[in-house]
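Hi there,

Here is the structure I promised to pass on. Have a look at it first, and then read on for what turned up.

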Amino acid sequence: MQAINIKSYKYPDRPHVEVQGTLLSETPHYYFIACDKNTLLKHHIKNEAYKIDYKTLHFLSKYHGYTVSISIDEQDKPVSIFCNISTPCHKDADGNITYIDLDMDYVKSNTGQWFLRNNDLFLESSKKYQYPLQLTNFALVSLQELKNNIKDNVFPFGIENFKDVDGPLK
């Protein structure tokens with residue numbers, strides 16, 4: 001298992017968030033990464049850094065228009081799930097996994113409720129930064145695809161314990 005950086009950007013290329021984790025697996029369709037509890041998350045736009053309160057798992061799709069961050073407890077059970085509507089993820093020339101965060105989030109709280117967050121920011125940013133029409137449409141289609149995949153328990157959704165998923169979590 002190798003250390004790898006996840007770097008998100010805001011459209012078109014403004015550094016947003018960065019975190020380092022361990023690559024658990026890579027398939028032709030996604031990267032699956034674990035970050036230890038207390039991992040430092042750098043927020044470049046706010047010029048701040050935060051320690052992550054839980055172990056987290058990051059499902060970064062190479063094809064879908066979303067990323068998934070899952071906070072897990074000491075028994076490897078999901079506590080909350082945070083999904084960014086984004087461009088598909090890829091490795092840059094330095095080996096970092098990167099994507100563009102499109103300012104729309106779909107979140108599952110620790111009470112089990114899903115809700116859309118920052119839809120107004122998505123609308124504001126798409127105007128302010130002149131998102132191409134294809135990108136705006138891609139974001140809306142991706143949100144619906146995400147909802148469908150959650151409903152159908154497509155990986156990484158519907159898993160009640162991540163203990164043995166793609167290797168041991170440390």
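Let me start with the main pocket. Strand 10 (residues 97-108) gives the largest share of the lining of the largest pocket, five residues. Please keep in mind throughout that this is a predicted model. The volume of the largest pocket comes to about 1,100 Å³. Its lining is made up of 35 residues, and Val17, Leu41, His43, Phe82 and Arg117 are the ones that lie nearest the centre. Sorted by class, the lining of the largest pocket holds 14 nonpolar, twelve polar and nine charged residues.

The second largest pocket contains about 250 Å³ of space. It is lined by 17 residues, and Pro78, Ile81, Lys108, Trp114 and Ile159 are the closest to its centre. Here strand 8 (residues 78-86) provides the largest share of the lining, with four residues. By class, the lining of the second largest pocket has nine nonpolar, six polar and two charged residues.

Next, the nonpolar interior. In soluble globular proteins, nonpolar side chains tend to be buried together. The largest nonpolar core in this model has 28 residues, and Phe32, Leu57, Val68, Leu146 and Phe157 have the most contacts inside it. At least two residues of this core come from each of strand 3 (30-35), strand 6 (55-61), strand 7 (66-72), strand 8, strand 10 and helix 2 (133-151). Helix 2 makes the largest contribution to this core, five residues. Another core lies apart from it and has twelve residues, including Val19, Leu23, Cys89 and Tyr99.

Two single residues may also interest you. Ser109 sits in the loop between strand 10 and strand 11 (114-117). The Ser109 side chain makes a polar contact with the side chain of Thr111, at 2.7 Å. If you set aside the neighbours within four places in sequence, Ser109 is in contact with Val79 and Phe115.

The other one is Phe155, in the segment after helix 2. Is Phe155 buried or partly exposed? Its relative accessible area is 24%, so Phe155 counts as partly exposed, given that buried means under 20%. The C-alpha atoms of Phe155 and Phe59 are 8.8 Å apart, although 96 residues separate the two along the chain.

Best wishes

Note on methods
Residues numbered from 1 in each chain as written. Predicted model: local features only at pLDDT ≥ 70, side-chain atom pairs only at ≥ 80, totals over all residues. Heavy atoms only, no water. 1 Å grid on protein atoms, 1.4 Å probe; cavity = no way out; pocket = protein on both sides within 12 Å on 5 of 7 lines; lining within 4 Å. Points joined across faces, edges and corners; volume = space filled by probe spheres on them. Nonpolar A, V, L, I, M, F, W, Y, C, P; charged D, E, K, R; others polar. Polar contact = N/O pair within 3.5 Å; in protein donor to acceptor, adjacent residues only side chain to side chain. Contact = heavy atoms within 4.5 Å. Core = buried A, V, L, I, M, F, W, Y, C linked by side-chain atoms within 4.5 Å. Buried < 20%, exposed > 50% of the residue type's maximum accessible area, 1.4 Å probe, protein only.
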